[in-house]
Amino acid sequence: MHESRAFKTLRIVGLTLLTLFTVLPLYVMVISGLKPLRDVQGKFTWWPTTLTFRPYVDIWTTIPLGRYFMNSLIVSLAATAASVFLAILASYAVSRYRFRGREPFRVTVLSTQMFPGILFLLPLYLIFVNIGRLTGFPLVGTRTGLIITYLTFSLPFAIWMLVGYLDTIPRDLDEAAHVDGATPLQTLFRVILPSAAPGIAAVSIYSFMTAWGETLFASVMTNAQSTTLAIGLRQYSTQVNVYWNQLMAASIVVSIPVVLGFLLLQRFLVQGLTSGAVK
Amino acid sequence: MATTSSTRARTRQEPVGVERRPSGRGGRRRSLQPRYLPFLLLAPAVLFELLVHVIPMLAGVWMSFLKLTQFYLRRWTQAPSAGFGNYQVAFDLNGEVGRALMRSFGVTIAYSLASVALAWGLGMFGAVLLQGSFRGRGWLRTLLLVPYAMPVYAGVIVWKFMLDRDNGMVNTLLAQLHLTNGQTFWLLGGNAFVSTVVVSVWRLWPFALLTLMAGLQSIPNDVYEAASVDGANRWQQFRHFTLPMLHPVNQVLVLVLFLWTFNHFNVPYILFSQAVPPSADLLSIHIYNSSFITWNFGVGSAMSVLLLLFLLVVTAIYLLVTSRGSRERRPRGPLAPTATYRQDEESRDAEAARA
């Protein structure tokens with residue numbers, strides 16, 4: 001397509017501005033994580049007086065960051081695995097079968113996106129407390145409670161996206177498997193799933209990001225032992241001092257797993273969006 | 001979901017292929033499959049959604065009719081009924097609670113509209129600029145997506161540092177550019193509103209970019225070629241082809257952005273910790289704070305129910321209006337692409353996703 005000179009200029013100017021807006025905070029984060037404490041306690045400077053990696057060492061001892069990291073990792077991985085597994089089963093049903101309640105199910109699934117979390121935060125907390133009291137299996141203050149909560153957060157969107165993805169896989173595959181004598185579940189796990197791998201990758205990274213970044217429920221449902229990163233990072237600010245350099249270093253460390261995962265898998269996420277959500 | 005379980009007994013099950021493929025390809029009727037299989041597959045997902053979303057939400061509605069104070073919290077089932085009392089408190093514009101709620105509602109609307117407009121605008125702008133191929137496009141695209149990929153709290157913490165009056169980058173930058181004296185309080189008073197919007201746009205616009213770029217990719221290239229041959233300039237192409245063809249994408253994108261920002265909790269919660277200034281007192285954090293400060297969860301629940309009702313009504317109206325609009329906004333006139341595109345849309349999208 002022919003591009004006029006004006007459009008090329010607009011592209012350069014526009015993309016430069018958008019990039020500056022995006023990158024400035026990232027620059028502040030990176031450079032401040034390499035500063036000694038005194039550099040972040042006065043006026044902001046664009047370059048440290050001495051470059052140091054100390055903050056990356058200190059973050060692990062100032063607060064129990066390792067424990068929070070493990071908590072977030074366990075909770076996010078478990079919630080992702082469970083959510084993706086449930087979404088695979090549900091989306092296969094929605095994609096391959098017609099049954100009463102199929103359309104209401106699809107609509108209900110997406111409409112959970114609009115529920116204000118604040119509406120079911122307290123009831124859920126009370127329900128979890130009571131389940132714990134009745135069964136002796138504590139859900140509040142444990143990672144299990146968070147896992148159960150988080151898996152349902154990503155489930156609706158995961159189902160929605162996977163249905164869109166499975167719909168693009170030709171039904172001839174099912175037919176062939178059926179002719180060969182495979183049961184529906186065998187068909188799903190041996191024939192359909194391998195073809196849906198990109199969709200599953202996209203859903204997985206989405207679920208993981210959702211769990212890794214959640215704050216509202218983590219602020220109520222965790223205790224000192226099960227604190228996740230979202231809540232734990234606050235402890236770098238104390239009454240007397242804010243360790244901005246360590247806070248920036250820690251922000252980078254906790255961002256790396258999700259940012260890398262997202263950037264590696266974003267191609268599939270886009271496919272998932274076009275085939276599922278945007279239809 | 002409730003419908004699903006209640007109709008379990010009256011299952012009528014057919015392969016989807018019959019409906020989807022009238023051509024008959026792959027449309028043979030399947031046998032041997034138990035009727036309850038789809039419900040069995042759905043059951044675990046439905047169960048967890050019931051446990052975490054539906055039941056607590058119904059409980060929340062019920063709680064909004066109770067005098068649920070601190071005293072009754074542990075045995076909330078015995079709390080006395082409040083009738084519509086909690087709603088009266090929330091609606092009473094002469095009372096302090098009602099006035100604060102109304103102000104928070106206004107702030108939230110302004111915040112959502114500003115965030116969605118800016119996030120969508122920047123996303124659309126970026127997506128159009130990133131069309132075509134040029135050196136470094138892939139890298140740039142990846143870089144621009146980083147704020148969305150980061151955990152919310154990490155991104156907001158960085159902004160909190162940047163907006164700090166004494167140690168922050170923003171004041172230093174503005175002073176060095178001789179725009180201000182570098183003493184501005186960005187997290188207090190009216191400035192707090194601007195700051196909150198900027199932070200939320202910074203985080204959200206990459207999502208709009210990602211979605212719109214995907215949408216643009218699904219528009220076939222020959223449409224543009226035909227348009228160029230017909231002498232349409234960039235703006236005309238955008239106005240008459242791109243925008244109408246992106247309508248289904250935009251319809252969902254704008255709605256999702258709106259619902260997200262309207263329920264935003266993270267941004268003010270992390271940006272301001274406990275002391276949220278009135279100008280950034282979004283509904284979610286307002287309800288959260290007023291519940292946990294006054295320990296009156298009945299009123300808090302009533303406010304949450306009102307929030308949900310409002311979102312339901314807005315969503316319904318939005319979908320009605322935009323769906324009707326889409327029929328009128330179909331491309332017309334000599335420059336319009338052939339009508340087959342829309343009919344073929346679904347299959348083409350499917351092909352694009354498979355490719």
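In helix 11 of chain B, the residues B:Phe241, B:Thr242 and B:Met245 are buried. Around the helix axis these residues cover an arc of only 85 degrees, which puts them on the same side of helix 11 of chain B. The buried residues of this helix pack against helix 10 (221-229) and helix 12 (247-262) of chain B. Helix 11 of chain B runs over residues 234-245, and at 1.5 Å a residue its 12 residues should span 16 Å; the C-alpha atoms at its ends are 15 Å apart, which agrees with that expectation.

The structure described here is a predicted model, and its overall scores are an ipTM of 0.89 and a pTM of 0.84. Chain A averages a pLDDT of 87, and 95% of its residues score at least 70. Within chain A, confidence is highest in helix 3, at a mean of 94, and lowest in helix 4 (residues 102-111), at 76. For chain B the average pLDDT is 79, with 81% of the residues scoring at least 70. Over residues 1-32 of chain B the pLDDT is below 50, although this stretch has 49 contacts in the model beyond near neighbours in sequence. The pLDDT is likewise below 50 over residues 327-355 of chain B, a stretch with 31 contacts in the model beyond near neighbours in sequence. Where pLDDT is low, the predicted coordinates should not be read in detail.

The secondary structure of chain A comes to 12 helices and 1 strand, and along the sequence these elements follow the pattern α-α-α-β-α-α-α-α-α-α-α-α-α. Taken along the principal axes, the C-alpha atoms of chain A fill a box of roughly 70 × 70 × 35 Å. Of the 279 residues of chain A, 50% count as buried, and among its contacts between residues at least 6 apart in sequence, 77% join residues at least 24 apart. Chain B has 16 helices and 1 strand. Of the 355 residues of chain B, 38% count as buried, while 67% of the contacts in chain B between residues at least 6 apart in sequence join residues at least 24 apart.

The contact between the two chains involves 96 residues of chain B and 90 residues of chain A. On the side of chain B that touches chain A, the largest share comes from helix 3 (residues 37-63) of chain B, which gives 16 residues. By class, this side of chain B has 60 nonpolar, 26 polar and 10 charged residues.

The largest nonpolar core has 173 residues, and those with the most contacts inside it are A:Ala87, A:Ala90, A:Ala158, A:Ile159, A:Leu162 and B:Ala208. Helix 6 of chain A gives the most to this core, with 16 residues. Leaving out residues up to four places away in sequence, A:Ile159 touches A:Ala87, A:Ala90, A:Ser91 and A:Val109, and in chain B it touches B:Ala45.

Leaving aside neighbours within four places in sequence, B:Ile285 is in contact with B:Phe265, B:Pro268, B:Tyr269 and B:Val276. Of these, B:Tyr269 is 16 residues from B:Ile285 in sequence, and the two are 6.8 Å apart in space, C-alpha to C-alpha.

Definitions and conventions:
Residues numbered from 1 in each chain as written. Chains lettered and ligands numbered in written order. Predicted model: local features only at pLDDT ≥ 70, side-chain atom pairs only at ≥ 80, totals over all residues. Contact = placed C-beta atoms within 7 Å. Helix = DSSP H or I, 4+ residues; strand = E, 2+ residues; numbered from the N terminus. Nonpolar A, V, L, I, M, F, W, Y, C, P; charged D, E, K, R; others polar. Buried ≥ 20, exposed ≤ 12 C-beta atoms within 10 Å, placed from the backbone. Core = buried A, V, L, I, M, F, W, Y, C linked by C-beta atoms within 7 Å. pLDDT = per-residue confidence, 0-100. Expected span 1.5 Å × (residues − 1). Arc of directions from axis to C-beta.
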